[in-house]
Amino acid sequence: MRIGILGTGNMADALGTQWVRAGHQVLFGGRSPDRTRALAARAGGGAGSLQEAAAFGPATLLALPHAAVPGILASLGAAEGALRGRLLIDCTNAVGPGFVLTTEGGPGAARSIADATGARVIKAFNHLPDAVWRLTPPAFADGPVAVPLCGDDEEALETVAALVRDLGCAPLTAGGLDRAAYLETTTAFLIGLWHSGIDPRRLLPPFAAATA
Ligand SMILES: NC(=O)c1ccc[n+]([C@@H]2O[C@H](COP(=O)([O-])OP(=O)(O)OC[C@H]3O[C@@H](n4cnc5c(N)ncnc54)[C@H](OP(=O)(O)O)[C@@H]3O)[C@@H](O)[C@H]2O)c1
């Protein structure tokens with residue numbers, strides 16, 4: 001599949017490299033041609049502008065800071081409908097200082113992207129650090145990492161589920177786009193625990209105990 005990636009940082013690198021390895025055609029789009037070319041050379045994909053990556057294929061990953069997203073979507077013609085109906089994968093976390101969600105009190109990140117674009121947005125890959133996505137495969141003693149997907153479009157969910165499997169992970173349908181805000185909040189909570197040196201796995205009982 002042709003996958004456009006907006007951004008040339010850690011998440012673009014981690015996921016783009018994996019998808020190139022899995023045989024996909026990836027076009028990285030960044031604002032710095034030098035950084036974009038360097039990543040493309042390292043990962044084995046192509047290099048282009050943000051505009052070119054957004055138009056490249058049936059799936060586009062937004063690997064950008066949340067604060068930069070509205071401006072970039074506007075520059076891509078979101079208000080004029082340029083992204084309407086497209087499959088956008090949103091891995092962003094709107095986490096500010098103190099591990100507080102900057103979206104608090106308003107729509108979540110994924111919802112805002114959907115509202116601004118009319119795109120078929122799937123929330124995915126935001127809940128774990130890039131170091132995990134770089135593992136080949138991202139799996140631990142209890143099996144492949146489960147990747148929660150939130151979105152409203154069945155075909156888009158299936159496409160992203162296949163991209164999850166290509167990493168060696170297990171897709172987990174986690175509800176509609178309205179659930180994405182819960183995933184974003186949970187991730188902010190997890191990040192706070194990890195940064196405090198607390199292993200969130202300690203919070204969770206075995207499945208059978210929780211469901212008895
Ligand atoms: N890193 C993680 O472990 C992780 C895990 C899960 C989710 N996330 C989320 O994924 C997203 C990307 O994270 P990341 O770690 O990949 O970030 P990053 O390494 O800082 O990369 C961000 C990318 O966005 C570009 N960018 C920033 N502002 C821009 C603007 N105004 N216009 C155009 N491009 C702009 C940067 O370009 P320049 O290089 O030119 O500055 C860079 O290519 C974030 O929302 C983050 O919360 C990160």
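Student: Does Ala119 count as buried or exposed?
Tutor: In this predicted model, Ala119 belongs to the loop between helix H5 (109–117) and strand S8, where helices (H or I, at least four residues) and strands (E, at least two) are DSSP runs, numbered from the N terminus. The word buried stands for under 20% relative accessible area, exposed for over 50%, and partly exposed for what lies in between, with a 1.4 Å probe and protein chains only. Because its relative accessible area is 10%, Ala119 is buried.

Student: From where are residues numbered, and what pLDDT do side-chain atom pairs need in order to count?
Tutor: Residues are numbered from 1 along each chain as its sequence is written, and side-chain values use heavy atoms, with hydrogens and water left out. As the model is predicted, totals for chains, interfaces and linings use all residues, whereas local features need pLDDT of at least 70 and side-chain atom pairs count only at pLDDT 80 or more.

Student: Which residues is Ala119 in contact with, leaving aside its neighbours within four places in sequence?
Tutor: Contact here means heavy atoms within 4.5 Å. The C-alpha atom of Ala119 is separated by 9.0 Å from that of Gly81, which is 38 residues away along the chain. With neighbours within four places in sequence set aside, the contacts of Ala119 are Leu83, Arg84, Gly85, Arg86, Leu88 and Ala114.

Student: Which residues does Leu76 touch, not counting those up to four places away in sequence?
Tutor: Leu76 is placed in the loop between helix H4 (69–75) and strand S5 (87–90), and it counts as buried because its relative accessibility is 11%. Between Leu76 and Pro206 there are 46 Å in space, C-alpha to C-alpha, and 130 residues in sequence. Without the residues up to four places away in sequence, Leu76 touches Leu6, Leu50, Gln51, Ala54, Ala82 and Leu83.

Student: Which of the 22 residues around the ligand come nearest?
Tutor: The ligand sits in the second largest pocket. A pocket, on a 1 Å grid over the protein atoms alone, is an open set of points where a 1.4 Å probe fits, with protein on both sides within 12 Å along at least five of seven lines, and a molecule sits in it if more than half of its atoms lie within 2 Å of its grid points. A residue is near a molecule if one of its heavy atoms lies within 4 Å of it. Of the 22 residues around the ligand, those that come nearest are Thr8, Met11, Arg35, Leu64 and Asp130.

Student: How far is the backbone nitrogen of Arg35 from a polar atom of the side chain of Ser32?
Tutor: Ser32 is found in the loop between strand S2 (25–29) and helix H2 (33–43), and it counts as buried because its relative accessibility is 15%. Within protein, a polar contact also requires that one atom can donate a hydrogen and the other accept it, and residues adjacent in sequence count only if both atoms are side-chain atoms. From a polar atom of the side chain of Ser32 to the backbone nitrogen of Arg35, the distance is 3.0 Å.

Student: Which residue has a positive phi of about 70 degrees although it is not a glycine?
Tutor: A positive phi near 60 degrees is found in Phe99, which lies in the loop between strand S6 (95–96) and strand S7 (100–101). The residue in the loop between strand S8 (120–123) and H6 counts as buried because its relative accessibility is 0%. With its positive phi of about 70 degrees, the residue asked for is Phe125.

Key:
On a 1 Å grid over the protein atoms alone, a cavity is a set of points where a 1.4 Å probe fits but cannot get out, and a pocket is an open set with protein on both sides within 12 Å along at least five of seven lines; lining residues have an atom within 4 Å of a point. A polar contact is a pair of N or O atoms within 3.5 Å; within protein, one must be able to donate a hydrogen and the other to accept it, and residues adjacent in sequence count only if both atoms are side-chain atoms.
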